[in-house]
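Student: I have a structure open and would like to go through it. Can we take it piece by piece?

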Amino acid sequence: IISGPPGSGKSTLIQALEEKGIQCLNEVSRDIIIAEQNSGNNGMPWLNIERFAQLVFDETKLRLQKEAESVFCDRSLIDTIAYLVHANKRVEDHFKNFNFNKYYHKTIFYAQPWKDIYVQDEQRPQLFEDHLSLSKMILDVYNKYNYNIIFLPFTSVSLRSEFILKELEKIKINNK
């Protein structure tokens, strides 16, 4: 899992890993937001977090099954739980009871908020500062689910991808 708040470089990093021939599960959230905006619906985190979370949950489940060979995921369903908790909304049982261990490794790579690369756009209208408390919540929820968090360095995309691949090798060696 590559996680972190919006605009922290996750999707760009996933793209760089894919260019190295590594199969990745791309971000579901942005696809949902675009589809909701195009259809005139309100399933965006800033309008209707419950609808957004359910749509992300359903689509993520489908992609996890269809793209089971993916090595990295741009976010996970744990991020969706963090979004709900951050918004003080109820986390439905099907979110909490999802079989995370079946689909996700217990180590995640975390992209912290990074003001220098943050860009607002139609799918990310929030101010950078709005993501600081969300970032803390995402970390808290991953910790609650006992994930090992490796923080990504604030550096170029190519150095970040090299960092991840080196860490992945360490994980493989330690799991043998």
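Student: At what angle do helix H3 and helix H4 pack, and how far apart are their axes?
Tutor: This is a predicted model, in which local features need pLDDT of at least 70 and side-chain atom pairs count only at pLDDT 80 or more, while totals for chains, interfaces and linings use all residues. Residues are numbered from 1 along each chain as its sequence is written, and side-chain values use heavy atoms, with hydrogens and water left out. Helix H3 (residues 49-66) and helix H4 (residues 77-86) pack at an angle of about 170 degrees, and their axes are 10 Å apart. Axes are lines fitted to C-alpha atoms, for helices over the stretch in contact, and angles run from 0 to 180 degrees between N-to-C directions. Helices (H or I, at least four residues) and strands (E, at least two) are DSSP runs, numbered from the N terminus.

Student: So which word describes that pair?
Tutor: H3 and H4 are roughly antiparallel to each other, a label for angles over 145 degrees.

Student: Which residues make the contact?
Tutor: From H3, they are Ile49, Glu50, Phe52, Ala53, Val56, Phe57 and Thr60; from H4, Leu77, Thr80, Tyr83 and Leu84. Contact means heavy atoms within 4.5 Å.

Student: New topic. How many residues has the largest nonpolar core?
Tutor: It has 34 residues, and Phe100, Tyr104, Tyr142 and Tyr147 have the most contacts inside it. Such a core is a set of buried Ala, Val, Leu, Ile, Met, Phe, Trp, Tyr and Cys residues joined through side-chain atoms within 4.5 Å. Buried means under 20% relative accessible area, exposed over 50%, and partly exposed in between (1.4 Å probe, protein chains only).

Student: Which elements supply at least two residues each?
Tutor: Helix H2 (29-39), H3, H4, strand E4 (107-110) and helix H7 (130-144) do.

Student: And what does Phe100 touch?
Tutor: Beyond neighbours within four places in sequence, Phe100 is in contact with Leu77, Ile78, Ile81, Phe95, Tyr145 and Tyr147.

Student: Is Glu27 buried or exposed?
Tutor: Glu27 counts as buried, because its relative accessibility is 14%. Glu27 sits in the loop between strand E2 (24-25) and H2.

Student: What does Glu27 touch there?
Tutor: Leaving out residues up to four places away in sequence, Glu27 touches Ser11, Arg63, Asp74 and Arg75.

Student: Where is Glu36, and is it buried or exposed?
Tutor: Glu36 lies in helix H2, and at 5% relative accessibility Glu36 counts as buried.

Technical notes: Parallel < 35°, antiparallel > 145°, perpendicular 65-115°, else oblique.
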